[in-house]
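Visitor: Could you walk me through this structure? I'd like to go through the sheet and the pockets.

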Amino acid sequence: MRSRTLTVSAAQLGPIPLSATRAETLARLIKLLEEAALEGTQLVVFPEAALTPFFPHWLVRDHDELHSYYDKNLPGTDTQALFDAARELQMAFVLGYAERAEDNRLFNTAVLVDENANIIHRYRKIHLPGFDAVQKDAPFQNLEKRYFEVGNLGFGVQSWRKTKIGLAICNDRRWAETYRVLALGGAELVCLGYNTPASTPHLPESDRLVDFQNHLSMQAGAYQNSMWVIGVAKAGTEEGVSQIGGSAINAPSGEIVAVARTLGDELVTTDIDLDMVTRYRRDVFSFSQHRRPEHYRSITEPVAR
Ligand code: ING
């Protein structure tokens, strides 16, 4: 039987400055879609917050400014051009953006859009890092707990082109549960975007390891759950905050099969063999044969809260 392969692209973005118009940003995304189409790509993955600067990096005092960063309707008047271009190219894509939901609740969201521009899956970020209050003396903030609610859609799995796809966002990739819950739901491919500062103000000793820990998180998640993991950065120095690149396509073997080389807009394209998922799950990571959740219990002292 012919192996199942997909041609996928991580569409890394450089910084989106506050000065950029929405039209300028969308033109960058459309250019990457067009480049991907020339390479025969079937699925393009854009980063987290791919329509705006990563505004949780600073305290936004003005109410109207803050709410200008969220999109209520997708596609909306301006994002319609992206959806139209993708449908024209018959290209499916994953897009991360700040969502104002129907009930006006605010989430850090990613959607999977099929080749006919239909939103077929939505995920709202569950692991919100950082703080809900400004951290004094920090060179930049992470106020996601102030600007977003914890996602209320769980970790869903969506079939598309005979592939079971799960979505995650940024900090989710550092938590083992993200990949395991998606794998238990049958996911074969996880698509996630990230905005990751090159330094961590409250843990400076990890600064020299930021790139290592980025790839470690995704490689481990891919290997320990026999999944493909596409991780896509918003990179470069955005409104004064230097962010890592390192967009990578991670195989169920744990190998990085393709990686970004720059800190700008960059397409990283490769063919992925979905049957590698099957091969690793057939024995080494057969959940039914080897995993024993009924035996998993902690007999140590409860972890201090
Ligand atoms: N950003 C960072 C991330 O998880 C972070 C926050 C960095 C947390 C380093 C811990 C260590 O990549 C987002 N947006 O989640």
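Predicted model: local features only at pLDDT ≥ 70, side-chain atom pairs only at ≥ 80, totals over all residues.

Visitor: What order do the six strands of the open sheet come in?

Guide: The order is β5-β4-β3-β2-β1-β14, with mixed pairing. Strands (E, at least two residues) and helices (H or I, at least four) are DSSP runs numbered from the N terminus, and two strands pair if DSSP finds at least two bridges between them.

Visitor: Which are the edge strands?

Guide: β5 (119–124) and β14 (266–273), each pairing on one side only. From one strand to the next, the twist averages 25 degrees.

Visitor: How many bridges does β4 make with β3, and how many with β5?

Guide: Eight with β3, antiparallel, joining residues 92–100 of β3 and 106–113 of β4. With β5 there are five, also antiparallel. V111 in β4 stands opposite L95, and V111 also stands opposite R122 in β5.

Visitor: What's in the turn between β4 and β5?

Guide: Five residues separate the two strands of that hairpin, and A117 in the turn has a positive phi of about 70 degrees.

Visitor: Which helix lies across β3, β4 and β5?

Guide: That's α3 (residues 80–88), running at about 165 degrees to β3. Angles run from 0 to 180 degrees between N-to-C directions, using axes fitted to C-alpha atoms, for helices over the stretch in contact; contact means heavy atoms within 4.5 Å.

Visitor: New topic: how many aromatic pairs are there?

Guide: Eleven in the whole structure. One of them, F46 with F93, is edge-to-face, at 6.3 Å centre to centre and 70 degrees between the planes. Rings of Phe, Tyr and Trp (its six-membered ring) pair if their centres lie within 6.5 Å; planes under 30 degrees apart are stacked, over 60 edge-to-face, and the rest tilted. F46 sits in the loop between β2 and α2, 47 residues from F93 in β3.

Visitor: And what volume has the largest pocket?

Guide: About 590 Å³. A pocket is an open set of points on a 1 Å grid over the protein atoms alone, where a 1.4 Å probe fits, with protein on both sides within 12 Å along at least five of seven lines; lining residues have an atom within 4 Å of a point. Points are joined across faces, edges and corners, and the volume is the space filled by probe spheres set on them.

Conventions. Residues numbered from 1 in each chain as written. Heavy atoms only, no water.
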